[in-house]
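Me: Could you take a close look at the salt bridges of this model, and at the part of the fold that holds them? I would like a careful account, with the cut-offs behind each term.

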Amino acid sequence: MQLKGTKFCSSLIWLWLSVLMFAADRLTKVLAESKLQEYQVNPVISGFFDLTLLYNPGAAFGFLATAGGWQRWLFSLLAVVMSVVLVIWIKRTSRKIWWLNSGLALILGGALGNLYDRIMQGQVVDFLSFHFGSYYFPAFNLADIAISCGAFLLIVDMLFFEKKRLSQQE
């Protein structure tokens, strides 16, 4: 409820999307860990999509996965810093800017989902595995999907809407 003349409903309302993505990511990872066995392939769509529980101590695509443990804290620190930056960015953006705010909120929710894994387990839970024949795309999770979709929305905003907004401000 917004009272007339108040700023009760700021752009931080977009954080609901971050919370939703974080909760969905946590729920699916808990289900994956309780129902799947590590490295066991569970076909969903034969020859294309499997559920396979994997743990990634590195970054995207296993980058620095074998670095000895220090990467856990580096990636955790980066996620915390980026999360603070994203919250500030959302706060400073008009809540009406749908593409930008939803993209930022999705990235934040995904970052927090993977940050939770890094802090609590020292590695990120992945379980979605797509492949074509013998070619496998690296396994991922809902947090990774949120980050990718958020980045896509930021690109769309930058390419199609930012210039229009800037010209209206002049």
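**The salt bridges and their setting**

Reply: With a salt bridge taken as a side-chain nitrogen of Lys or Arg within 4 Å of a carboxyl oxygen of Asp or Glu, the count comes to 3. The model is a predicted one, in which local features need pLDDT of at least 70 and side-chain atom pairs count only at pLDDT 80 or more, while totals for chains, interfaces and linings use all residues. Residues are numbered from 1 along each chain as its sequence is written, and side-chain values use heavy atoms, with hydrogens and water left out.

As background, side chains of opposite charge can pair when their charged atoms come close. Here, K29 and D25 form a salt bridge with an N to O distance of 2.8 Å; both residues belong to helix α1, where they sit 4 residues apart, about one turn of the helix. Helices in this account are DSSP runs of H or I with at least four residues, strands are runs of E with at least two, and both are numbered from the N terminus. K29 counts as buried because its relative accessibility is 0%, given that buried means under 20% relative accessible area, exposed over 50%, and partly exposed in between, with a 1.4 Å probe and protein chains only. D25 is likewise buried, with a relative accessible area of 0%.

A further salt bridge joins D117 to R26, with the closest N and O atoms 2.9 Å apart. Since D117 lies in helix α3 (residues 98-121) and R26 in helix α1, this pair ties together parts that are 91 residues apart in sequence. Burial holds at both ends, because D117 has a relative accessibility of 1% and R26 a relative accessible area of 14%.

D117 also meets K29 in a salt bridge, at 2.7 Å from N to O. This pair again links distant parts of the chain, with D117 in helix α3 and K29 in helix α1, 88 residues apart. Through shared partners, the salt bridges join D25, R26, K29 and D117 into one network.

The buried residues of α1 are L17, S18, M21, D25, R26, K29 and A32. They lie on the same side of the helix, because they cover an arc of only 165 degrees around the axis, the arc being that of the directions from the helix axis to the C-beta atoms. On the other side of α1, V19, L27, S34 and K35 are exposed. The geometry of helix α1 (residues 15-35) can also be checked: at 1.5 Å a residue its 21 residues should span 30 Å, and the end C-alpha atoms are 30 Å apart, so the two values agree; the expected span is 1.5 Å times one less than the number of residues.

Strand β1 (residues 42-45) pairs with strand β2 (residues 49-56) in the antiparallel sense over 3 bridges, and P43 has D50 in β2 as its bridge partner. Strand β2 also pairs in the antiparallel sense with strand β3 (residues 124-132), over 6 bridges, and there L51 has L128 of β3 as its bridge partner.

Notes
Two strands pair if DSSP finds at least two bridges between them.
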